[in-house]
Amino acid sequence: MNRKPVAAILGALAGIVLLGTLTSCTGEPTELRKPKSTLFIGVDASGSFRSSGHYENALSFLAHYIYGHINGLGDLEKPQAMFVASMGGKRMREPKSFHPIHEFEGKEVSQIEAELKKWFPPTDTVTDFNPFFHEVARITKERNLVLIPVNVVIITDGVPDSSVSGIKAGARELYEKIDLKPLEYLSRNVTLRLAYVSPKVGEQWRTHVPRQRVRLWTVDADVMQGWKNQMQPGADIREQAKFWRWLRENVDFRIRANKG
């Protein structure tokens, strides 16, 4: 018997079996099912967000969010790169430091939360979105991250402040001046998520903030406040399947491209 054809057939079958182990039930290879991405996180450290009563809850949530993503728990995407910065300052257009993923790796949730509270005490006097978006674009381009999806998550009440006297914070014209142009063609897929906003503010962002390709998703503060109810008491953080599912379906929800 000629053993070469038999060996070739067995080799091909082995290859098919190996491919099957790397393929999900949807027929997509595991590597394709979990594409790499860049994650930018903005923290609203303004007094107004502190006064909303959501600041402590938000930083605790964010510590869990960061821990889950950098460890790829509950089918969360593990980012190729991650940066965390403040969303405002003592004055408008104030530059901020962007903390890289390396400052969070190897730390427990409690340690991450302690770092967030140290870096972002709620003492900023203004919430200024535009400088943050410009820095996101600069970092993405300089680090050559433009070929992979960019996810921007902001923990905020979503209310823009004004540098012009006579215009109140949250006025419609302030939403219209929020500049998403730096993000529009930054990557083939750019998603902006706002968590802890009110329903009214979320509607203001969806209606009055100019955008074309940027995908926008908002999560109401009342929904975000309940994230702790998804945690199973006494269970290890890595075993919190209910919480990770809630996070995927409410905060990391995949939305369709904006057609506007």
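Student: How many strands form the open sheet, and in what order?

Tutor: The sheet is open and has 6 strands, ordered β4-β2-β1-β6-β7-β8, with mixed pairing. Two strands count as paired if DSSP finds at least two bridges between them. Strands here are DSSP runs of E with at least two residues, helices are runs of H or I with at least four residues, and both are numbered from the N terminus. This is a predicted model, in which local features need pLDDT of at least 70 and side-chain atom pairs count only at pLDDT 80 or more, while totals for chains, interfaces and linings use all residues. Residues are numbered from 1 along each chain as its sequence is written, and side-chain values use heavy atoms, with hydrogens and water left out.

Student: Which are the edge strands?

Tutor: β4 (99-100) and β8 (215-220), each of which pairs on one side only.

Student: And β6, parallel to what?

Tutor: β6 pairs in the parallel sense with β7 over 6 bridges. With β1, β6 also pairs in the parallel sense over 6 bridges. Ile154 stands opposite Leu194 in β7.

Student: Is β6 mostly covered or exposed?

Tutor: Mostly covered: 6 of its 6 residues are buried. Buried means under 20% relative accessible area, exposed over 50%, and partly exposed in between, with a 1.4 Å probe and protein chains only. Val150, Val152 and Ile154 point one way from β6, Asn151, Val153 and Ile155 point the other way, and all are buried.

Student: What joins β7 to β8?

Tutor: 6 bridges, and the two strands run parallel. Leu192 stands opposite Leu216 in β8. Together with helix α9 (residues 199-208), β7 and β8 make a right-handed β-α-β unit. Right-handed means that, with the strands pointing away from the viewer, the path from the first strand over the helix to the second runs clockwise.

Student: Switching to packing. Which residues have the most contacts inside the largest nonpolar core?

Tutor: Ile41, Phe61, Ile66 and Leu116, in a core of 38 residues. Such a core is a set of buried Ala, Val, Leu, Ile, Met, Phe, Trp, Tyr and Cys residues joined through side-chain atoms within 4.5 Å.

Student: Which elements supply it?

Tutor: At least two residues each come from β1 (38-43), α4 (55-70), β2 (81-86), α5 (109-119), β6 (150-155), β7 (190-197) and α11 (241-250). α4 gives the most, with 10 residues. There is also a second, separate core of 31 residues, which includes Val152, Ile154, Leu192 and Val197.

Student: What does Leu116 touch?

Tutor: Leaving out residues up to four places away in sequence, Leu116 touches Leu59, Leu62, Ala63, Ile66, Val84 and Phe104. Contact means heavy atoms within 4.5 Å.

Student: Leu116 is in α5. Which residues of α5 are buried?

Tutor: Val109, Ile112, Glu113, Glu115 and Leu116. Seen down the axis of α5, they fall within an arc of 160°, so they line one face of the helix. The arc is taken over the directions from the helix axis to the C-beta atoms. These buried residues pack against α4 and β2. The face turned away from the buried side carries the exposed residues Ser110 and Lys118.

Student: What about α11, which residues are buried there?

Tutor: Phe243, Trp244, Trp246 and Leu247 are buried in α11. They cover an arc of only 160° around the axis, which puts them on the same side of α11. Their cover includes α4 and α10 (221-225).

Student: And Ile255, where does that lie?

Tutor: Ile255 lies in the segment after α11.

Student: Why does Ile255 count as buried?

Tutor: Because its relative accessibility is 15%. Apart from neighbours within four places in sequence, Ile255 is in contact with Thr191, Arg215, Leu216 and Trp217. Ile255 and Trp217 are 38 residues apart in sequence, and their C-alpha atoms are 7.5 Å apart in space.

Student: Last one, whole chain. How many helices and strands?

Tutor: 11 helices and 8 strands. Of the 260 residues, 48% count as buried. Among contacts with a separation of 6 or more, 76% are between residues 24 or more positions apart.
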